[in-house]
Amino acid sequence: MTATLERTLYAEEVKTGRVVWFTGLSGAGKSTLAAALHTELAARGVAVELLDGDAVRENLSKGLGFSREDRDTNVRRIAFVAGLLAKHGVTVLVSAISPYADTRREVLAELPNTLEVFVDAPLEVVTARDVKGLYLKAIAGEIKHFTGVSDPYEAPQTPDLHLRTDEISVEEGLRRLLQALGEG
């Protein structure tokens with residue numbers, strides 16, 4: 001068998017994965033829903049990876065600040081890793097605030113089989129959920145450049161899926177995610 005034929009056969013065996021991009025304010029429920037989906041897909045035998053924004057900031061984007069440029073760099077790094085994994089057949093779940101609409105559109109356009117999920121809850125709800133009190137500090141002016149308070153969050157205008165976590169349970173959110181992925 002020639003090397004070219006072997007590469008062709010291998011390429012046909014590897015299916016392109018998909019990327020589920022969870023965006024929303026801190027405390028909206030992105031990580032909770034992504035973790036529930038990860039558990040369910042893994043139980044079904046799906047090759048799945050979770051790229052959580054906090055973990056990525058600590059391990060891949062350490063040293064970046066919270067300027068627009070640094071936030072965009074962080075989102076692009078996450079997208080790069082997600083693209084590599086998806087290229088090898090993995091379903092990648094990205095849970096990252098990713099506050100700027102144009103940057104989200106840019107990276108999602110480059111990724112295969114994307115599903116943009118807007119995880120939405122009003123400011124008063126995410127503030128009440130915030131056990132660290134970061135929202136209250138940001139509202140008081142003690143924390144600068146806090147998304148949704150002193151820095152913008154640009155909600156998607158036409159997400160593939162819009163989940164209001166103040167109105168639905170995690171189980172209902174998971175059901176809707178599986179349905180949107182054709183796994184329900």
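From the N terminus on, the elements of this chain run α-β-α-β-α-α-β-α-β-α-α-β-α. That makes eight helices and five strands, where helices (H or I, at least four residues) and strands (E, at least two) are DSSP runs numbered from the N terminus.

A word on the source. This is a predicted model, with local features needing pLDDT of at least 70 and side-chain atom pairs pLDDT 80 or more, while totals for chains, interfaces and linings use all residues. Residues are numbered from 1 along each chain as its sequence is written, and side-chain values use heavy atoms, without hydrogens and water.

Overall dimensions next. The C-alpha atoms fill a box of roughly 70 × 35 × 25 Å along the principal axes. Of the 184 residues, 43% are buried, meaning under 20% relative accessible area with a 1.4 Å probe, protein chains only.

The axes of helix 4 (residues 68–87) and helix 5 (residues 101–110) come within 10 Å and cross at roughly 20°; axes are lines fitted to C-alpha atoms over the stretch in contact, and angles run from 0 to 180 degrees between N-to-C directions. The two helices are therefore roughly parallel to each other, the term for angles under 35 degrees.

Which residues make the contact? On helix 4 they are Arg68, Asp72, Val75, Arg76 and Ala79, and on helix 5 Asp102, Thr103, Glu106 and Val107, contact being heavy atoms within 4.5 Å. Five of these residues are charged, three nonpolar and one polar; Asp, Glu, Lys and Arg count as charged, Ala, Val, Leu, Ile, Met, Phe, Trp, Tyr, Cys and Pro as nonpolar, and the others, Gly among them, as polar.

Key:
Angles under 35 degrees count as roughly parallel, over 145 as roughly antiparallel, 65 to 115 as roughly perpendicular and the rest as oblique. Buried means under 20% relative accessible area, exposed over 50%, partly exposed in between (1.4 Å probe, protein chains only).
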